[in-house]
Amino acid sequence: MNAIEIKNLCKSYGDFSLDNVSFNVEQGSIMGLIGENGSGKTTIIKSILSIIKHDGEISVLGGEIDEDIKQKIGVVFDDAFISNYLTVKEVGKVLSGIYKNWDMEYYNYLLGEFKLPEDKMIKNFSKGMVVKIKIACALSSRPKLLILDEPTSGLDPVIRDEILDIFYDFIEDEEHTILISSHITSDLEKIADYITFIDNGKVLLSKGKDELIEDYGVLKCSEEDLKTVDKAYIERVRREKYSVEALINNKDKFKSNYPNLIVDRVNIDEIMVFYIKGVIM
Ligand SMILES: Nc1ncnc2c1ncn2[C@@H]1O[C@H](COP(=O)(O)OP(=O)(O)OP(=O)(O)O)[C@@H](O)[C@H]1O
């Protein structure tokens with residue numbers, strides 16, 4: 001079953017448009033949304049939450065989004081928060097009146113875990129503390145689905161790791177789902193089951209993370225060697241002054257067909273750079 005289904009999503013802002021974006025997020029999984037600045041990740045998230053008007057079909061937790069479904073979604077956005085003139089304690093009170101499943105005990109537990117002072121106004125929080133309070137709030141409404149737009153930016157590696165563990169525990173029962181956009185691809189490499197790569201408003205790929213990392217590789221060779229390779233293997237090519245590198249698919253088959261060529265492992269960042277900066281053969 002899919003927690004989110006997006007079919008032919010279109011949205012235009014002047015010269016930018018989301019162009020027939022389609023992908024699904026399987027229930028019980030973590031989907032990482034990646035792409036350059038301005039590629040359209042936040043616009044997709046806002047469309048899913050029906051914050052902005054759009055064309056296309058989007059189903060969330062089995063239906064078109066409404067107030068009941070919104071109660072089952074925890075959201076973390078980079079921008080606005082309830083009010084910066086409230087303390088953490090007051091934020092909890094306000095949200096307990098809004099969310100039917102608000103869990104004050106869990107909220108207080110998370111405040112302790114995140115070392116957030118109860119009586120300090122949010123306007124006096126550091127950037128990292130603001131991120132932590134947003135995450136605590138999203139989790140304390142005990143949602144079925146978490147939608148997180150850049151949740152770990154501005155956090156140090158130690159707290160990021162703790163938060164990733166919390167996200168991991170959240171989906172473990174296979175009923176909970178996370179859609180997370182992030183530029184910190186190493187975080188996604190740790191926790192995501194699937195990756196959707198958005199480039200200039202289009203879905204470039206949407207695949208299992210392991211499949212992506214296992215299937216793809218970087219071939220480092222000379223121009224002469226590259227000419228001997230079947231083009232079907234080559235996704236993109238990048239040329240430096242004295243070298244050429246190609247992103248290849250079907251790594252294992254490639255290695256058995258071309259045992260003398262060297263293929264290295266590739267990470268998500270490198271795949272992104274190949275697709276954005278590389279050329280098609
Ligand atoms: N309200 C708006 N009015 C006009 N243009 C907008 C609006 N919101 C977004 N855009 C434009 O849409 C494009 C996609 O923006 P979006 O915020 O979705 O990208 P993003 O992938 O989330 O970027 P980032 O990684 O920098 O957060 C950008 O060109 C942006 O300027």
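Guide: The domain assignment divides the protein into domain 1 (2–208) and domain 2 (216–277); such bounds come from an automatic or database domain assignment. Residues are numbered from 1 along each chain as its sequence is written. The model is predicted: local features need pLDDT of at least 70, side-chain atom pairs count only at pLDDT 80 or more, and totals for chains, interfaces and linings use all residues.

The C-alpha centres of domain 1 and domain 2 are 34 Å apart. Nine residues from domain 1 and six residues from domain 2 make up the contact between them, two residues being in contact if their C-beta atoms, placed from the backbone, lie within 7 Å. On the side of domain 1 that touches domain 2, α7 (185–191) and β8 (194–199) each supply at least two residues. Helices (H or I, at least four residues) and strands (E, at least two) are DSSP runs, numbered from the N terminus. By class, that side of domain 1 has five nonpolar, one polar and three charged residues; Ala, Val, Leu, Ile, Met, Phe, Trp, Tyr, Cys and Pro count as nonpolar, Asp, Glu, Lys and Arg as charged, and the others, Gly among them, as polar.

The sheet that you ask about is open and has three strands in the order β2-β1-β4, with antiparallel pairing. Two strands pair if DSSP finds at least two bridges between them. Strands β2 and β4 are the edges, each pairing on one side only. Neighbouring strands are turned by 15° against each other on average, direction ignored. Strand β1 (residues 2–13) is joined to β4 by five bridges in the antiparallel sense, and E5 has S59 in β4 as its bridge partner. Helix α1 packs on this sheet, where it touches β1, β2 and β4, and its direction makes about 120° with that of β1. Axes are lines fitted to C-alpha atoms, for helices over the stretch in contact, and angles run from 0 to 180 degrees between N-to-C directions.

Helix α1 (residues 41–48) also gives the most to the shell around the ligand, with three residues. The ligand is surrounded by Y13, F16, G35, N37, G38, S39, G40, K41, T42 and T43; a residue is near a molecule or strand if its C-beta atom, placed from the backbone, lies within 6 Å of it. The shell consists of two nonpolar, seven polar and one charged residues. One of the surrounding residues, F16, belongs to strand β2 (residues 16–26). F16 counts as partly exposed because 14 C-beta neighbours lie inside 10 Å: a residue is buried if 20 or more other C-beta atoms, placed from the backbone, lie within 10 Å of its own, exposed if 12 or fewer, and partly exposed in between. Between the C-alpha atoms of F16 and Y216, 200 residues apart along the chain, the separation is 30 Å.

The loop between α1 and β4 (55–60) holds S50. This residue has a positive phi of about 60° although it is not a glycine. With 15 other C-beta atoms within 10 Å, S50 is partly exposed.
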